Amino acid sequence: MTPDEDVDPKNLVISVLKACQLMECFTRERPTLTLTDLTAATGMNKTTVHRLAATLIRAGWLTRGDGATYRLTMRPFRVGAVALAELSLRDEAAPFLRRLADRFGDTAYLMIPGEEGAICVDMLQGKNPVSVNTVGVGTVLPYHAAAGPVVILAYSRELRERWLSTGLDQYTSHTVTDVPALTDRLEKVIRDGYAISEEDYLYGVGAVAAPVFDAQGDIVATLSLGGVNAGFRGSRLLEIIEEVTAGARDLSARLGH
């Protein structure tokens, strides 16, 4: 669920929502779909799907493919290009940073890939009396330490090959500098869908981060929450993981993923 303002259900047009759901079934892997495919993907009955598809064809959003298939026209891509041209990652991420900071009181971060490390491009401090002041907007963090950078390294094969071929600096006694051990950690991040940092970059600091993907499925940022390490334990840690990963998924969806 995204942090958009709630909409009164009485103001919703259900058929429009269903039409949007229908168009979202088309992906790069499945650019053409049959009526049966669309029925299975949406859970709607064939009559409804057929009527929606016919309407979208008349509107110019769908067209007939080879055989008894449907595919998107260029119209959705033209609309998408306008949205992407106006898209600001920081603006899109702001509500998610606010939600994390407000709920847990720690500091929420938005980081993007950089040449020499992960770059913090935005942050929002919560109300906890102790905060992490070492990392601010513009800070560049090494890819093999801290939750956000580790997530970027895990999901970028090109970065991983380059970064692991150089000497890895030790920042604390918890920093993983052994390449096989770090590789195992990166694979675990991919399996889990998030990274947990426990004093591997700064003593006393813990963090949780999750990947943010663009429309092409490439990692473009991470959403994370960092604070006093003791606060990243037990049931609270599980709540943080759930909120960070959900926020990253919703932000990715806003970017077209």
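**View 1. Lining of the second largest pocket in the predicted model.** Helix 8 (179-192) and strand 7 each supply at least two residues of the lining of the second largest pocket. Helices (H or I, at least four residues) and strands (E, at least two) are DSSP runs numbered from the N terminus. The lining is made up of H174, R185, K188, V189, D192, Y194, A195, I196, S197, E198 and D200. By class, four of these residues are nonpolar, two polar and five charged; Ala, Val, Leu, Ile, Met, Phe, Trp, Tyr, Cys and Pro count as nonpolar, Asp, Glu, Lys and Arg as charged, and the others, Gly among them, as polar. The pocket has a volume of about 230 Å³, a volume being the space filled by probe spheres set on grid points joined across faces, edges and corners. On a 1 Å grid over the protein atoms alone, with a 1.4 Å probe, a pocket is an open set of points with protein on both sides within 12 Å along at least five of seven lines, and lining residues have an atom within 4 Å of a point. This is a predicted model, in which local features need pLDDT of at least 70 and side-chain atom pairs count only at pLDDT 80 or more, whereas totals for chains, interfaces and linings use all residues. Residues are numbered from 1 along each chain as its sequence is written, and side-chain values use heavy atoms, without hydrogens and water.

View 2. Six strands form an open, antiparallel sheet in the order 6-5-4-9-8-7, where two strands pair if DSSP finds at least two bridges between them. Strand 6 and strand 7 (195-198) are the edge strands, each pairing on one side only. Strand 4 (residues 107-113) is joined by six bridges to strand 5 (residues 118-124) and by five bridges to strand 9 (residues 219-228). L110 has D122 of strand 5 as its bridge partner, while T107 has G226 of strand 9. Within the hairpin of strands 4 and 5, which has four residues between the strands, G117 takes a positive phi near 155 degrees.

**View 3. Helix 5 against helix 9.** Helix 5 (residues 89-104) and helix 9 (residues 234-254) pack at about 170 degrees, with axes 9 Å apart. Helix 5 is therefore roughly antiparallel to helix 9, a term for angles over 145 degrees. Axes are lines fitted to C-alpha atoms, for helices over the stretch in contact, and angles run from 0 to 180 degrees between N-to-C directions. Residues in contact (heavy atoms within 4.5 Å) include F96 and L100 of helix 5 and I240 and V244 of helix 9.

Note on methods:
Angles under 35 degrees count as roughly parallel, over 145 as roughly antiparallel, 65 to 115 as roughly perpendicular and the rest as oblique.
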